[in-house]
Amino acid sequence: MGRLIVISNRVSVPKAAGAAGAQGGLAVALNSALREHGGIWFGWSGQETEEFTGHLDMQRNDGVTTATIDLEPQDIEEYYNGYANRTLWPLFHYRIDLTEYDRNFGEGYERVNERFADSVLPLIESDDLVWVHDYHLLPLGSLLRRKGVKNRMGLFLHTPWPPTRLLVSLPLHERLVASMLEFDVIGFQNVEWLESFLHYVQKELGLTVNPDNSIDYQGRRVVARAFPIGIDYEEFVEAAGGAEARAAHDRLKQSVRGRKILIGVDRLDYSKGLGERFEAYGRFLADNPELAARAVLLQIAPPSREDVASYQQIREDLERKTGHINGAHADVAFVPIRYVNRGYPRDQLAGFYRAADIGLVTPLRDGMNLVAKEYVAAQDPEDPGVLILSQFAGAAHQMKDALLVNPHSIEHVSEAIKRALEMPLAERRERHARLLASVRENDVRRWREDFVEALFGPPVGPPAEPPAMPLPAKAGNPAEAENPAEAEKPTEAEKPAQDQTA
Ligand code: ADQ
């Protein structure tokens with residue numbers, strides 16, 4: 001059995017033995033996969049160097065080997081702050097209004113992907129499985145193929161995949177997506193993003209999608225599938241029952257003096273819908289003065305990507321909105337929104353979740369959203385809180401027993417808050433039991449086992465049919481890839497598809 005080579009933008013070096021609980025769920029899952037299969041986790045160190053040397057910093061901690069490289073300031077600006085976070089991130093979250101198309105970003109993105117490929121190449125042995133993560137590294141498979149890598153390679157996208165009509169606004173989109181087809185397995189969070197991808201592949205690249213959603217491309221078969229990510233359920237439930245969590249729970253409960261608690265926990269990102277959430281809470285306060293006096297919203301939102309202007313703007317916007325709502329509804333002994341810009345250790349977070357009567361998870365668009373799953377896992381099953389979840393979070397596909405809301409409608413969210421606060425215990429228990437069963441079953445172990453199994457794959461045979469049309473090496477002209485006949489056909493999105501998330 002081959003080793004696993006995990007490649008992602010950043011690498012989470014395992015903490016020393018005994019401190020493993022301090023890591024995030026995804027890092028824990030990938031580290032446990034690496035321990036099981038052996039292998040290496042490769043990525044950017046997060047550090048700057050004056051001139052790129054390709055020097056690999058290899059470390060071994062707690063049974064896992066990591067290899068990291070440093071990047072030049074220009075790389076960080078154009079690849080990370082630029083193409084990844086100012087072009088692809090907003091575009092993939094349907095925000096073409098925030099998407100910046102700068103040629104230098106595109107060049108920096110390709111340059112850094114090339115640097116990743118050159119640096120990781122010597123680490124890959126002949127029967128290793130290569131597992132690449134996320135939107136930072138979409139062309140990496142193709143660059144590795146060009147350098148002679150014949151291994152099975154997979155890509156998992158943590159974000160949504162946008163509708164074709166939005167994606168075509170990206171210059172050289174055909175080239176980017178065609179490069180992804182050098183992977184053997186392409187994984188998405190749910191069937192909605194998968195269908196958007198398959199629609200694009202048919203309509204813009206003129207390729208045929210087989211009934212099992214595989215794509216035959218240049219003599220190989222590419223598997224495209226939904227692999228919904230989960231949390232480390234065991235670890236989280238254990239954390240929620242520990243002393244740290246109990247202390248955090250009690251501290252929060254005492255501080256609100258019998259009021260109901262609503263909690264939001266999100267990176268400070270415009271995709272998380274925090275502004276709309278605050279407005280909805282303001283509406284709830286205005287429309288329900290009696291209930292309002294008995295509730296408090298705790299919003300925990302650590303800043304992220306602070307070098308990008310749109311992230312500075314959201315921070316200012318939220319500070320203004322909090323001030324406005326608190327100004328209108330606070331009195332001398334009570335502030336309706338507690339807005340906290342910092343991170344907390346996972347066990348404390350688990351305690352806060354457990355203390356909260358409502359989990360308010362209302363992103364405008366989210367690949368999955370693990371906070372929704374953490375909130376459910378942390379509840380007391382005898383007296384659980386209610387999850388209010390955006391219908392536009394990937395998690396909504398699996399969590400139909402939440403109160404699903406349209407986060408753009410402040411009335412809808414405000415009414416859901418009222419309904420959650422008044423929900424009888426029996427209904428809360430029933431909904432929670434079903435949500436919990438799904439969170440437990442679809443945990444992060446299952447996610448990575450399913451993906452690794454698909455990556456092992458059946459022996460790759462010849463494709464059923466030759467590719468529908470060869471792709472131009474550099475598809476710069478959209479008209480070249482247009483195939484009107486394909487556009488007329490029913491798309492995969494219109495056919496019943498197997499939803500892995502069901
Ligand atoms: P994110 O956009 O970061 O991830 P999410 O899935 O919500 O979003 O994960 C956030 C994680 O950070 C959670 O585990 C949460 O507990 C933690 N976190 C958030 N705020 C915190 C705080 N103040 N203190 C401590 N921890 C905090 C991307 C995609 C998602 C997808 C994940 C995983 O955008 O859609 O679910 O990857 O694939």
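Select lysine 272 and the ligand: a polar side-chain atom of this lysine lies 3.0 Å from an oxygen atom of the ligand. The model is predicted, and every distance on this tour is computed from it.

One of the polar atoms in the side chain of arginine 267 is 2.9 Å from a ligand oxygen atom. Next, pick aspartate 366, where the distance from a polar side-chain atom to an oxygen atom of the ligand is 2.5 Å.

Now widen the selection to the shell. There are 22 residues around the ligand, and those that come nearest are His158, Asp366, Met368, Leu370 and Glu374. Coloured by class, the shell shows eleven nonpolar, five polar and six charged residues.

Colour by domain next. Domain 1 takes in 4–70 + 115–230 + 448–464, and domain 2 is 242–441. Why does the ligand lie between them? Both domains give residues to the shell, so the ligand lies between the two.

Move to the six-stranded sheet. This is an open sheet with parallel pairing, and its strand order is β12-β11-β10-β13-β14-β15. At the edges are β12 (337–340) and β15 (403–405), each of which pairs on one side only. From one strand to the next, the twist averages 20 degrees.

Within this sheet, select residues 260–265 and residues 358–361. These are β10 and β13, paired in the parallel sense over two bridges.

The last stop is a sheet of nine strands. This sheet is also open, but its pairing is mixed, and the order reads β3-β4-β2-β1-β5-β6-β7-β9-β8. Its edge strands are β3 (57–61) and β8 (214–217), and each pairs on one side only. Here the twist from one strand to the next averages 20 degrees.

Zoom in on residues 39–48 and residues 64–71, which are β2 and β4. The two strands run parallel and are joined by six bridges. What is the bridge partner of glutamate 48 in β4? Select leucine 71, the partner of glutamate 48 in that strand.

Definitions and conventions: Residues numbered from 1 in each chain as written. Predicted model: local features only at pLDDT ≥ 70, side-chain atom pairs only at ≥ 80, totals over all residues. Heavy atoms only, no water. Near = heavy atom within 4 Å. Polar contact = N/O pair within 3.5 Å; in protein donor to acceptor, adjacent residues only side chain to side chain. Nonpolar A, V, L, I, M, F, W, Y, C, P; charged D, E, K, R; others polar. Domains from an automatic or database assignment. Pairing = 2+ DSSP bridges. Helix = DSSP H or I, 4+ residues; strand = E, 2+ residues; numbered from the N terminus. Axes fitted to C-alpha atoms, helices over the stretch in contact; angles between N-to-C directions.
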